[in-house]
Structures are given as C-alpha cells and as structure tokens.
Amino acid sequence: MTTESALDTALSQLKQAVSQLGLSENDWQTLSTPRRVLEVAVPLRRDNGNVEMYRGYRVQYSTTRGPSKGGVRFHPDIDMNETIALAMLMTWKCALTNLPYGGAKGGIAVDAGSLSLTENERLTRRYTSEILPIIGPERDIPAPDVGTDERNMAWMMDTYSVNAGFSVPGVVTGKPIVLGGSLGRTSATGDGVAIAAREALRVKGIDPHGAAVAIQGFGKVGYWGAVACEQMGMKVVAVSDVHGGVTGFQSIDQLWSHFKEHGNINVPGSEKLTNDELLHLKVDVLIPAALADAITEKSAPGIQAKIVVEGANAPTTPEGDAIMKDKGILVVPDILANAGGVIVSYFEWVQDKQNYFWSAEEVKQNLNDILMKSVREVEAMADSKKVTWREAAMMLGVGRVAEAHKLRGLYP
Ligand code: NAD
C-alpha cells in the first residue's frame, strides 16, 4: 500500500464530483483543503524502561456541518497524507448519511501488535493528551479504527475526563457499554456492510439466500460483516487476514472459534488461499474489509465477483475502479457501504448527550432506516444521472458539504 495514493485517490474522486456537480474552482479550493491538521510526537516508555518516540496525527478535515468525527488508527504505515485522505472520506460519508458531523481521522504510526497492554494504554493516553486541546464532544469525537478497539476508547475517555474534572462519555464513541457505549456499535459497520450487500444483490436481481461472499480482512469489519451476511442467508465462502486466506470451512462460527483459540484462521479441513486468490474467486459479492489499495490496476482485471462492497476505506484505486466499471461490476463505495459504524457512533453520541440509552432493537432499526435511505438516494442518483454508485454517493455527500459552505458564508 502506498499512502500517497490514498490521498491521490480521494482527491481524484473529489475532483470528479466537483466537476459532475458543476461546482466552481473556488468550491474546489474550499472542498479540497483540510481545515485543521495536527502532528504530534508521542513518547512511550516501554515496559523495559526504554523511551521511544512515535508520530501521531489528528486531522479535522471539515467542521462545516457539525463537530468533526472519525476513527483513530494504530498502524505502522499511517502518515499525514493518509490521515488527510481518510478524514476527507469521513466528511463525505457523514454528509451522505445526513449525520450532523464534519469529518476527521487520527492515528499513530505504530504496530499495535508490538505493544504490551500497558504500553498500549500509556501510548493511547499520551496521544489523547497531545490532541486534547482540539477534541471534545462539541468539537471532534474519535472512535476505533484499524488497530484500536473499545479498550483504547475507554482510556481516551478517561484521560479526557480526568483533565476536564468530570466524566465526559461523549468525547469518544465505540466505548464499552458500561462507560456509555451503545448497544450494537461493535457490529454496526459489519451490519451496514451486509445491508449494502443485500441491497446490491437486489439491484442485480440475485437472491441473497445462498449468494456466495468472499471477504478480505477478518477484523472488526470483516468478522461482523461475515456474521451479518450469514444471518441474512448469504454464504461466506472465503475470508482472509494479513497472513492469507481460507476457503472450504463450514461456517463463520467455526472459523471464529478456531481463531479465538489458535489466533489464526487455518481451520482443519479448510483450504489455504493467497490474498490475490481470494480477490479473484468466482463469487457474487467480494468485500474488501482490510486496508487501502486492495483493488488496483493489477488486481482488478482478475475480479470475477458481480458486486464489490467496500467494507474498508479507500480499498480501490481510480485505475481499479475504472476496470471494474468496464467489467460491469456494481461497486458499493466505502462512504456508503461502511457507514454503519459512524451511524451507530452518532447514536452513541446522542445517547450520551441525553443520558438515555436505547435497546439493541431500536439501534438496529434506526441503523437500517438511515442506511436504507442513503442506499435509495444513491441508487436514484446513479439511475437519473447515469453515473456509478461511487459517483452518485460522492455527488450527494460533496454536494451537501458545498451547500453548507455556501449557506454559512465566509468569515470575516
Ligand atoms: P481491524 O484492525 O479490526 O482489522 C483489519 C483486518 O485486516 C485484520 O483481520 C487484518 O489481519 C487484516 N489485514 C491487514 N492487512 C491485510 C492484507 N494485506 N490482506 C488481508 N487482510 C489484511 O480493522 P477494522 O476496524 O476491521 O477496519 C478495516 C477497514 O474498515 C479499514 O479500512 C477501516 O478504516 C475500515 N472501517 C472500519 C470501521 C470500524 O468501525 N471499525 C468503520 C468504517 C470503516
């Protein structure tokens, strides 16, 4: 993965949307510029007493439609360009789903797997302390992303609250339930991915029952997406993680039990696959749910899936996208397909503000309602303007942010 290309990809998609919407050069300048970009040094005392320095980032790409919102990634490859690209995507995603947020992203260039639990906690707390002046429930609300989870959110919430002098659950989402987290947040992104897959199958006239699905990535999005797809009657036939893939297992339950016990997905009786082989399986739905740039000019020609549902952020390069368009593959873009996470994060923030918590059923129903509304809007826009779903989703998201800019005007 080249992190430069994540920003190139995001800018090229934005350029296309600006042109399709007939917006001006001034609009392009405004929309293509991140509002606030912070780079911090994050020192960590390792368990052996050594002190190491890490780079941390927080980008608030837009605050025009509300406080900025976006995940925190712990990954060795993260840098400023990729953080800007991901924060930009969050901006269009929140606008597309009509959430009252701008977009943000953050992270630390670190391999989370190399940290002990205590090191992870110290690094998370120090990072939170470094970005503390610019976050808050009314300013910018972080959430988990690659390499972070609800434990990191609990430490971030605690660090912020200790500094505030009182408990501030609404400063992050994706928290444990007992700290003000929301029911249904853990599975939300995967639930949304499965809803997107189901709707894309409907559009293609394929019965979801028994439809074959392959998933790249078996983390929070990949695993919960697999569970939700199976609940809807689809058949997950292959999954992969950073070490490679497998096919020929009985069920996701079986795979998960093995993974929990052995830390790998090589269930006895299954057949190993490379990540490339997984991308090229003859399936109905392919779900890239790992990192950026999985579908490129190299890997796209071999894709045989009828539908690609982008669970990951920016998994497709513009070249890969063009090839899939030529092949007639229906691509449900990241800003729609993986929006379930930020939608339920929004519910969590609302519940924290009101100190009133919803049932799991209410969360699921409201998630389905918001996502289905966006799916219908994207489908209608794609049909009426004769554009791809990605172009339609971008036109809706970018168009709303551009309109908000115009209505707010320019200070001073
Ligand atoms: P995660 O850290 O929980 O899981 C990542 C998974 O990808 C792991 O199984 C890892 O082994 C696998 N992986 C890493 N490199 C790989 C490679 N080269 N080939 C195959 N598999 C590989 O992360 P996550 O939260 O599931 O996020 C995955 C993607 O979804 C990211 O792009 C993230 O930005 C996006 N996303 C996450 C959320 C969320 O709520 N967690 C919401 C929206 C979008």
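I took helix axes as lines fitted to C-alpha atoms over the stretch in contact, with angles running from 0 to 180 degrees between N-to-C directions. The model I am reading is a predicted one.

**Entry: α3 and α14**

I looked up helix α3 (residues 80-96) against helix α14 (residues 389-408), and their axes come within 8 Å and cross at roughly 90 degrees. Angles of 65 to 115 degrees count as roughly perpendicular, so I logged α3 as roughly perpendicular to α14. On the α3 side I listed T91, W92, A95 and L96. They meet A393, M394, L396, G397, V398, R400 and V401 in α14. Sorted by class, the residues of this contact between α3 and α14 come to eight nonpolar, two polar and one charged.

**Entry: the segment after α14**

I followed the chain past α14 and found P412 in the segment there. The peptide bond from Y411 to P412 is cis, and its omega is near -5 degrees. I noted it because most peptide bonds are trans.

**Entry: domains**

I checked the domain assignment, which gives domain 1 as 33-169 and domain 2 as 188-332. Taken over C-alpha atoms, the centres of domain 1 and domain 2 are separated by 28 Å. The contact takes twelve residues from domain 1 and six residues from domain 2.

**Entry: five-stranded sheet**

I traced an open sheet of five strands in the order β1-β2-β4-β3-β5, and its pairing is mixed. Which strands stand at the edges? They are β1 (36-45) and β5 (140-144); each has a single partner strand, so one side of each is left without a neighbour in the sheet. Ignoring direction, I have neighbouring strands of this sheet turned by 20 degrees against each other on average. I then looked at β1 with strand β2 (residues 51-62), which pair in the antiparallel sense over ten bridges. Within this pair, E39 stands opposite Y57 in β2.

**Entry: α4 and α5**

I compared helix α4 (residues 117-131) with helix α5 (residues 150-164): they pack at an angle of about 45 degrees, and their axes are 9 Å apart. That angle makes α4 oblique to α5. The crossing of α4 past α5 is right-handed. From α4 the contact uses L117, N120, E121, T124, R125, Y127, T128, S129 and I131. From α5 it uses R151, N152, W155, M156, D158, T159 and Y160. By class I have six nonpolar, six polar and four charged residues in the contact of α4 with α5.

**Entry: seven-stranded sheet**

I traced an open sheet of seven strands, ordered β9-β8-β7-β6-β10-β11-β12, with mixed pairing. The edge positions belong to β9 (271-273) and β12 (330-332); each has a single partner strand, so one side of each lacks a neighbour in the sheet. From one strand to the next, the twist averages 20 degrees.

**Entry: D293**

I located D293 in the loop between β10 and β11 (307-309). I flagged it because most residues other than glycine have a negative phi.

Key
Residues numbered from 1 in each chain as written. Predicted model: local features only at pLDDT ≥ 70, side-chain atom pairs only at ≥ 80, totals over all residues. Heavy atoms only, no water. Helix = DSSP H or I, 4+ residues; strand = E, 2+ residues; numbered from the N terminus. Parallel < 35°, antiparallel > 145°, perpendicular 65-115°, else oblique. Left-handed = near helix turned anticlockwise from the far one by under 90°. Contact = heavy atoms within 4.5 Å. Nonpolar A, V, L, I, M, F, W, Y, C, P; charged D, E, K, R; others polar. Pairing = 2+ DSSP bridges. Domains from an automatic or database assignment.
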